[in-house]
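User: Could you help me read this model, starting with the words I need?

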Amino acid sequence: MVDGTDHIIAWICLFPDFKSPIVTLPFFLLYIFVVYMLQEQEVHAAEMERTFIAIKPDGVQRGLIAEIISRFERKGFKLVAIKIVVPSKGFAQKHYHDLKERPFFNGLCDFLSSGPVVAMVWEGEGVIKYGRKLIGATDPQKSEPGTIRGDLAIVVGRNIIHGSDGPETAKDEIKLWFKPEELVSYSSNAEKWIYGVN
């Protein structure tokens with residue numbers, strides 16, 4: 001985008017009778033409004049981010065897929081990728097690579113690879129940070145009521161869901177679980193009602 005001065009100069013060049021404010025003022029104001037809306041849309045697009053969310057084998061086996069998806073949808077986030085996979089232990093080790101020095105690492109990998117996982121990518125403003133809030137604390141006993149873990153889980157070892165904890169983690173996890181062509185970009189009719197962008 002060029003700055004506002006360039007826009008005004010371009011306007012004057014396009015409309016040489018700009019000196020006649022009665023004729024051109026309404027059109028000029030309309031032009032300024034359109035430029036403003038385009039800039040707002042660019043800012044809105046820049047604020048959109050993506051996060052990786054996975055429903056673990058316990059969540060799948062307990063039939064909580066629809067419940068968990070609905071919470072993200074009701075919040076206003078947009079699902080842009082989803083698949084059901086049974087990860088190998090080697091794949092689980094890649095996913096949890098940052099925890100490989102922890103004593104529970106092997107058990108964690110065994111569990112993630114023990115059955116189907118619903119892998120998803122969600123998109124929206126602040127989806128990484130707020131996605132974590134929707135999920136709740138790692139320990140369900142410390143999760144607030146109203147969060148997914150607070151409402152649906154009891155112990156740490158069966159806390160039903162995983163969510164990226166930051167922008168870099170989200171990028172890495174999305175890249176690990178999904179090929180670029182599996183990610184979908186599309187406009188949702190609901191966005192104007194969620195973000196106020198027309």
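Analyst: Ala, Val, Leu, Ile, Met, Phe, Trp, Tyr, Cys and Pro count as nonpolar, Asp, Glu, Lys and Arg as charged, and the others, including Gly, as polar. This is a predicted model, where local features need pLDDT of at least 70 and side-chain atom pairs pLDDT 80 or more, while totals for chains, interfaces and linings use all residues. Residues are numbered from 1 along each chain as its sequence is written, and side-chain values use heavy atoms, without hydrogens and water.

User: How do the lining residues of the largest pocket divide by class?

Analyst: The lining has seven nonpolar, 10 polar and 10 charged residues; a pocket is an open set of points on a 1 Å grid over the protein atoms alone, where a 1.4 Å probe fits, with protein on both sides within 12 Å along at least five of seven lines, and lining residues have an atom within 4 Å of a point.

User: Which residues are closest to its centre?

Analyst: Of the 27 lining residues, those are Tyr96, Asp98, Leu99, Leu108 and His162.

User: And which element gives the most?

Analyst: That is α9, with four residues, and the elements giving two or more are α5 (89-95), α6 (105-112), β4 (161-163) and α9 (167-177), where helices (H or I, at least four residues) and strands (E, at least two) are DSSP runs numbered from the N terminus.
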